Amino acid sequence: MIGSGIMSSSLSSLSSSVSSARHPSSSNISKAYRQASTLFLTRRLPEALSTVLPLITPSPSESATPGDVASGAAAFDPAPVAKASRSTRIKVWSLYLTILNAILELNSDEGKDAFGTQEWRALCHKVREGEVWEEVVRSGYHGFEGDVDADVVINLATLLLGHAKTQTLNQKRLENYLAAARTPNLDLTDRLSGPSGPGGSSASPARRLRSSSKSGVATGHGADTPRDLNARVKILELYTLHVLPRNDEWACAREFINMSAVLDDERKEAFIQALYSLKEEQEEAERKAREKEDAIRKDIENARKLRAENEERERKRLEEERQKREAAGVNASTAASAGSGPTTEGESGVEAKGTGTGTTKKPNLKKKASALKNGGASSSSASSKPARPSRKGASSPTATKTTGSSSSAVAGPGMGTKAALILNNIRSVLDQVMTAFHGNPFLLYRTLAFIIGFLLMFSKKSVRERITRVVQQGWGKVKATAGMGMKVSYI
């Protein structure tokens with residue numbers, strides 16, 4: 001009997017030591033929490049996360065084999081934090097959610113450098129898709145939605161408000177929690193069945209957790225303590241004034257506030273007033289956004305119209321300049337033709353007279369031929385002598401006219417025509433320069449910069465002296481060359 005008692009006591013102590021090794025005690029959880037808090041405050045987020053994860057991660061049960069663990073069919077014991085006190089449980093989950101919030105506030109490069117690409121993306125996906133809520137309910141509260149502590153629910157809702165893609169899942173989770181927390185706990189089994197052993201060790205862990213967590217969850221239509229009431233009011237505030245308005249559920253939020261049994265009349269009025277203020281702010285923001293979009297659209301249209309008007313104005317200006325240049329060219333040609341008018345008439349007269357002479361030459365030759373035939377051989381010699389002077393006399397007026405016409409053609413336009421042509425050319429050059437400046441304003445800036453640089457260069461005395469010396473040397477060479485040319489021509 002004594003030996004069997006010693007054996008049983010040793011076995012019980014061994015099992016208790018194994019179980020304490022597998023499940024950290026409350027002191028160990030508090031120690032790990034303080035260490036993780038210190039790491040978080042020093043912005044060592046990876047170490048803080050790795051420190052707090054063992055407290056919230058379920059471990060395989062004692063009866064699970066390695067094969068079951070590898071295949072995923074093993075049963076898991078609740079996370080160590082699930083067996084801690086309510087205050088410790090709230091602190092651990094709040095720290096975990098705060099660490100996740102700080103991790104998601106990092107930029108992409110910092111997050112990938114600190115956690116690695118895959119782990120960083122997994123953490124972001126867990127929070128943005130709302131999987132962290134399911135993780136908290138499953139690991140810390142045995143899957144019972146209504147058993148989650150109100151402070152943890154507030155932190156979860158706030159985290160999803162800040163980082164979730166949509167608030168649909170947040171709304172669904174809050175509605176499930178409110179519905180589960182309102183339902184009274186009618187399971188009286190643990191109350192009717194007394195503890196079968198010392199300390200009531202026969203109760204299941206899930207039942208003990210639910211009974212212990214019910215101390216911080218509102219049942220029925222109210223709350224047990226003022227702290228629970230404040231937490232419930234905070235949850236209602238998040239639900240009605242933040243989540244539902246983000247989903248455009250304004251009417252549902254107003255109806256939920258009016259139908260709530262937790263809120264008194266004063267708080268209902270405050271919530272309704274805040275809801276109206278939020279709606280007015282949203283409408284004002286939407287109105288400003290629309291006005292801004294309309295202003296941007298009008299600016300774009302005005303810019304397009306102004307551009308079209310400028311293009312039309314530029315096209316008209318170019319057309320007018322082209323017409324002016326054509327008119328100037330026509331005026332110049334008219335002035336040139338007016339200045340060379342006598343020359344043209346003389347040339348036309350010469351051509352006309354030359355043509356007339358050519359047409360009358362044949363009858364004259366015929367008459368002379370008939371006279372020679374009738375005069376005979378005796379008069380041919382006598383008539384031939386006076387005929388030569390007549391030919392000379394006949395040819396001299398023609399030569400005189402031809403000389404006059406050639407001299408008038410060589411004379412060219414007068415001084416007025418040349419001055420008009422020069423002025424027209426200068427004007428066309430100035431028009432082209434102005435057109436170039438209008439088309440490319442930077443050309444004017446470059447020209448001014450060149451002129452300014454040129455003036456600055458000549459403002460230096462050394463540069464002026466050097467240029468003067470170079471010019472004098474060049475002029476001396478030119479005079480020497482001219483003197484040598486004069487000597488050679490003289491020789």
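I take a salt bridge to be a side-chain nitrogen of Lys or Arg within 4 Å of a carboxyl oxygen of Asp or Glu.

I am working on a predicted model, where local features need pLDDT of at least 70, side-chain atom pairs count only at pLDDT 80 or more, and totals for chains, interfaces and linings use all residues. Residues are numbered from 1 along each chain as its sequence is written, and side-chain values use heavy atoms, leaving out hydrogens and water.

**Entry 1: a pair within one helix.** I looked up Asp-294 and Arg-297, whose side chains meet in a salt bridge at 2.8 Å, N to O. They sit three residues apart in helix 15 (residues 265-339), so about one helical turn separates them. (Helices are DSSP runs of H or I, at least four residues, numbered from the N terminus.) Asp-294 is partly exposed at 36% relative accessible area, and Arg-297 is partly exposed at 43%. My cut-offs: buried is under 20%, exposed over 50%, partly exposed in between, with a 1.4 Å probe and protein chains only.

**Entry 2: a network.** Salt bridges that share partners join Arg-86, Arg-89, Asp-149 and Asp-228 into one network. I found Arg-86 and Asp-228 paired at 3.6 Å, N to O. Arg-86 lies in helix 5 and Asp-228 in helix 13 (residues 226-246), so this pair ties together parts 142 residues apart in sequence. Arg-89 bridges to Asp-149, with the closest N and O atoms 2.8 Å apart. Here I checked burial: Arg-89 is buried at 2%, Asp-149 at 0% and Asp-228 at 6%.

**Entry 3: helix 19.** I picked Phe-450, in helix 19 (residues 441-458); at 58% relative accessibility, Phe-450 counts as exposed.

How values were computed. Helix = DSSP H or I, 4+ residues; strand = E, 2+ residues; numbered from the N terminus.
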